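Subject: Structure handover

Hello,

Here is the structure for you to look at. My notes on what was found in it follow below.

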Amino acid sequence: DADISDISGYETNASVDSELSMVMFDDYPLYRWQENELENSLFPELAKTLMASRLDGPGEEIARGLIDKAVKAQREGLKGRAYIDKGYSLLKTKPLYKVYDDHLGRAAEVIAGRGFEVITDDTKNVFGEGKCPRAALYCGWYSLRRYVDAFDFVDGAVGYHIASLEAVDLRDGQSTQWVPSMLADGITVTIGAVAEPYLSAFPKPDCFFAELFKGKTVVEAYYRCSPFNSWQMMLIGDPLYRPFVPAGQIRRKM
């Protein structure tokens, strides 16, 4: 089946950004994905993978703002609330959905452990309109290509919505997909898919936020937790943005 799919071109597409991560590699199969050698790597300096991030969005002002807001938040400190939207597995029977709800629950624990106020919704519904003021961190699911304007994002906000196809119309300010809509609403870093990536392709939120709290830049945290390259996912935001310093370190003025 894999050979037939490879020859026919079925599931051999990928985001430009994800394919750029592989440019140091020799020929590799294009069918579906390649394992990300940086995921939980003990020796990342030996990897050939390039870490790619995109400065983009629905308009030049929004794209430039990804840098400006990151610099401001890194200088002044990222402050606000965290919102975790779990509970989608209540509508599903497959075990993998419960696994990702558990990861969202652990993400809430990780974030709360660093002193953030965390609001968790564990119902079947997503956060309603206007329900998430001063949003600094967010992760949740599942409203396919139907963004809900729940958030008032602070400068430096980091978050993503676990759903397929949410970055297809990245530059369309009128799109109802989550990635362009969150960028238009002021988020500074987000993650999305350009097609159907399957649930297992998303970085696990407890891993992603834990890496940020260790002091990683957003691109380092993404590649530490992203399972695949040469696939559908991409990171949008300033790759050098470092939202947090590790506990015990002093934040330097920029």
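A disulfide is counted here when two cysteine sulfur atoms lie within 2.5 Å of each other. In general terms, a disulfide is a covalent bond between the sulfur atoms of two cysteines. By the distance rule, the count comes to one disulfide. Cys 207 is joined to Cys 225, with 2.0 Å from S to S. The torsion about that S-S bond is about -80°, so the disulfide is left-handed. Cys 207 sits in helix α6 (residues 205-213) and Cys 225 in helix α7 (residues 218-225), so the bond ties together parts that are 18 residues apart in sequence.

Please note that this is a predicted model: local features need pLDDT of at least 70, side-chain atom pairs count only at pLDDT 80 or more, and totals for chains, interfaces and linings use all residues. Residues are numbered from 1 along each chain as its sequence is written, and side-chain values use heavy atoms, with hydrogens and water left out.

A residue is called buried under 20% relative accessible area, exposed over 50%, and partly exposed in between (1.4 Å probe, protein chains only). Cys 225 is buried, at 4%. Cys 132 is in no disulfide, and its nearest cysteine sulfur, that of Cys 139, is 13 Å away. Cys 132 is buried too, with a relative accessible area of 1%. Cys 139 is also in no disulfide; the nearest cysteine sulfur to it belongs to Cys 225, 11 Å away. For Cys 139 the relative accessible area is 0%, which is buried.

Now the chain as a whole. It has seven helices and eight strands, where helices (H or I, at least four residues) and strands (E, at least two) are DSSP runs numbered from the N terminus. Of the 254 residues in the chain, 51% are buried.

How does the radius of gyration compare with that of a compact globule? The radius is taken over C-alpha atoms, and the globule rule is 2.2 Å times the number of residues to the power 0.38. For 254 residues a compact globule would come near 18 Å, and the chain has 18 Å, which agrees. The C-alpha atoms fill a box of roughly 50 × 40 × 35 Å along the principal axes.

Last, the contacts, where contact means heavy atoms within 4.5 Å. Among contacts in the chain with a separation of 6 or more, 70% are between residues 24 or more positions apart.

Regards
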